[in-house]
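Trainee: I would like to go through this structure step by step. Please start with the terms I need.

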Number of protein chains: 2
Amino acid sequence: MTALQQQGAAAKAASYILSTAGTAKKNAALEAIAQALERRQEEILSANRQDLANARDAGMRPALLDRLTLDEKRIAGMVEGVRQVAALPDPIGKVDRMERRPNGLVIGRRRVPLGVIGIIYEARPNVTVDAAALCLKSGNACILRGGKEAFCSNSTLTAVMREALQAAGLPEDCVSLVQDTTRETAKELMHLEGYLDVLIPRGGAGLIRAVAKEASVPVIRTGEGVCHVYVDQEADLDMAAEILCNAKCSRPSVCNAAECLLVQEDAAEALLKKAAPLLDAYQTELRCDGKALAILGARGVPAAESDWDAEYGDYILAVRTVKDLEEAISFINAHGTGHSEAIVTTNYFKAQRFLDAVDAAAVYVNASTRFTDGGEFGLGAEIGISTQKMHARGPMGLEELTSCKYVIYGEGQVR
Amino acid sequence: MTALQQQGAAAKAASYILSTAGTAKKNAALEAIAQALERRQEEILSANRQDLANARDAGMRPALLDRLTLDEKRIAGMVEGVRQVAALPDPIGKVDRMERRPNGLVIGRRRVPLGVIGIIYEARPNVTVDAAALCLKSGNACILRGGKEAFCSNSTLTAVMREALQAAGLPEDCVSLVQDTTRETAKELMHLEGYLDVLIPRGGAGLIRAVAKEASVPVIRTGEGVCHVYVDQEADLDMAAEILCNAKCSRPSVCNAAECLLVQEDAAEALLKKAAPLLDAYQTELRCDGKALAILGARGVPAAESDWDAEYGDYILAVRTVKDLEEAISFINAHGTGHSEAIVTTNYFKAQRFLDAVDAAAVYVNASTRFTDGGEFGLGAEIGISTQKMHARGPMGLEELTSCKYVIYGEGQVR
């Protein structure tokens, strides 16, 4: 057995104990984690300083350094997050579809944990605590594989959580960190069949695609977002400009940000005149098709073919005119990533048609795509936003980290 | 584009139309298919005779020849199956979790089709119609890849269904058959990313494992069944013997048949004395551990290590004594395939513990494992029995062939 297989076996064994632990015990463990994070804050900050020193030596960019940094406020945020997860309803144990069948069997479908969840993520150490808390509450053991830049921070955070788990009477192997941050071990994790029930990559599109391509264990793809705003000719163009600017510019680095404006050609000139000043405030680059460029002149640049599939994550917007709603729908279904798509229209039937025909996790009428988020959708917390159709789609809360089992109460029935 | 990619693109385009077709239209198409199957029965039987002649020339075994054979009764069974699917409730379009959020957005989760479903199966031509009907009703296009032995039958059945679809005003590409039954094309189907939303293998364990290992598109593993019956020392041993014999012998070739008896060691002698005569009636071979062999003498044979993981599909039963319930649970979680597991006991707490701790799609108390089936569970029909935890677990009916999308009704909200 390799070290990772041993870790997998330990997590599996822990998951069987955790899967039958009650809500009170899981909540007590989460509270123990919250308190331990507070109590051992100095230790955590010291480990983080080590990561930051290493990262600076390696020449890490300031934006990434910021994501790596922990301080008292961020630790307090983690602690608050853990307590919020503890306060959420426990999805485990609910039974639906229960009925007595004609042969007398009582059959019901019970919500159970998935088992062992692997999380592969990048340099943000808060994911370590965040993901562990969600897995724990949903009865799942987790194996965390964070980026090498955050290894000291992640090690300390994991040690703190493991000690708290043990103190709360749960196996410490409910949460563990992959001890080796080489690519080889990441690859081994993607093939840890028999131990890992699902692997969730959290991070940039490159990471997610690489994991989905390589892994032989089940993967949930999250957070790939080439999102569109379609502005119809029947639309409140002030509203449309506001929504577009919010969807693009309020936080361009996140996956629910819009990357492309589709505008019905008759409305293009009026819309762009209203939207350009708003986008100018963020110095947003506009990459345009021919018609849009004719309207925008020097304000735009010509789009390349690759712009219609680009996830910029930046103040750049692709702009394309379309003949009508159907062309917009076809374009979105061909070029979107199935994340979040919006129409701005005053026409009832067009709104309904867009909701029906666009193939995406979240489809909006007259609102910004930026709302696709577990908190905004009322799930309380999220482990990611699924852009696949299998198992879970859209923001994934606790329920999306579960499976089911049929329980059958008999009295000697045979078939 | 290869021929299969073209077929995938056509199926994808058809799926977008089908996904927004109403229940009445889908039911009309199913009725048109049922009528066309009746009307063109002679054509279907003639194609089947061709397959049978080829199979006999190739020296196919009688049991397989039987599975390949169509006759008027089996066609009537197919037709009846299609009408039953039409009569089932349509899962598409239901909305749950709908609420108005504090910011005024109205958000709900709508049930939608998965898109395009691939089915890889073996020599039974009835699967062609069965699977197509379930996919159609749940709003999914399907790409069928049957065994080469049934190619003439499957071609004719597919042609009949496609003509009926067109007559009912739906795209014929909602249902299509892979035209080339080589292994290369099967492999290409397993990698048809961008067109295939899920691939479901139906058939023997070898096929399923091969598909799960090879495929890069999402797969649902179905029908791998190494199922156990655990007989506790506190059990009605007459009931236990009946359940065991039913689980093993009523239809040993199916995936919900038991392969292994686990018996608490103090109950082993009494149970085996009651069970042996029942198992004798089917000349069931008993492959035993040391203690069971000491009880059974010449009636048993020694088990090899591989017997504890074997899916016999035959009148063979592995027999193993265990110290207690916990050993039984650990053994099942280590050696089962997560399909169906049963305990026979009169002890309430042991029953509850078994239900809680055994990790399988269906867990039974005092009943035969043979009930794991869409019909028996009240789902109306099934496309297979999932033994994985992601997406669907246990018998998969129409609802398990769906995904969801969040629909959001706004009034200009920005974040």
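Mentor: Two strands pair if DSSP finds at least two bridges between them. Keep in mind that this is a predicted model.

Trainee: Which residue stands opposite Ser176(A) in β5(A)?

Mentor: Strand β4 (residues 141-145) of chain A and β5(A) pair in the parallel sense over three bridges. Across this pair, the residue that stands opposite Ser176(A) is Ile143(A).

Trainee: What is the order of the open sheet of four strands in chain A?

Mentor: Its pairing is parallel. The edge strands, which pair on one side only, are β5 (175-177) and β6 (198-202) of chain A. Read across, the order is β5-β4-β3-β6.

Trainee: Which helix lies across β3, β4 and β6 of chain A?

Mentor: The helix runs at about 150 degrees to β4(A). It spans residues 183-190 of chain A and is α8.

Trainee: Which strands stand at the edges of the sheet of ten strands?

Mentor: The order is β10(A)-β9(A)-β11(A)-β8(A)-β7(A)-β12(A)-β13(A)-β16(B)-β2(B)-β1(B), with mixed pairing. An edge strand has a single partner strand, so one side of it is left without a neighbour in the sheet. Those strands are β10 (300-302) of chain A and β1 (95-100) of chain B.

Trainee: What is the bridge partner of Cys288(A) in β11(A)?

Mentor: Strand β9 (residues 285-288) of chain A and strand β11 (residues 316-322) of chain A pair in the parallel sense over four bridges. In β11(A), the partner of Cys288(A) is Val319(A).

Trainee: Are α13(B) and α14(B) roughly parallel or roughly antiparallel to each other?

Mentor: Helix α13 (residues 325-335) of chain B and helix α14 (residues 348-357) of chain B pack at an angle of about 20 degrees, with their axes 11 Å apart. Angles under 35 degrees count as roughly parallel. The two helices, α13(B) and α14(B), are therefore roughly parallel.

Trainee: How many nonpolar residues does the contact of α13(B) with α14(B) have?

Mentor: On the α13(B) side the residues include Leu325(B) and Ile329(B), and on the α14(B) side they include Phe354(B) and Ala357(B). By class, the contact also has one polar and three charged residues. The number of nonpolar residues is five.

Trainee: Which kind of rotation axis relates the two copies?

Mentor: Chain A is superposed on chain B by a rotation of 180 degrees with 0.0 Å of shift along its axis, and the RMSD is 0.0 Å. The copies are thus related as by an axis that is two-fold.

Key. Residues numbered from 1 in each chain as written. Chains lettered and ligands numbered in written order. Predicted model: local features only at pLDDT ≥ 70, side-chain atom pairs only at ≥ 80, totals over all residues. Heavy atoms only, no water. Least-squares fit on C-alpha atoms with pLDDT ≥ 70 in both. Axes fitted to C-alpha atoms, helices over the stretch in contact; angles between N-to-C directions. Parallel < 35°, antiparallel > 145°, perpendicular 65-115°, else oblique. Contact = heavy atoms within 4.5 Å. Nonpolar A, V, L, I, M, F, W, Y, C, P; charged D, E, K, R; others polar.
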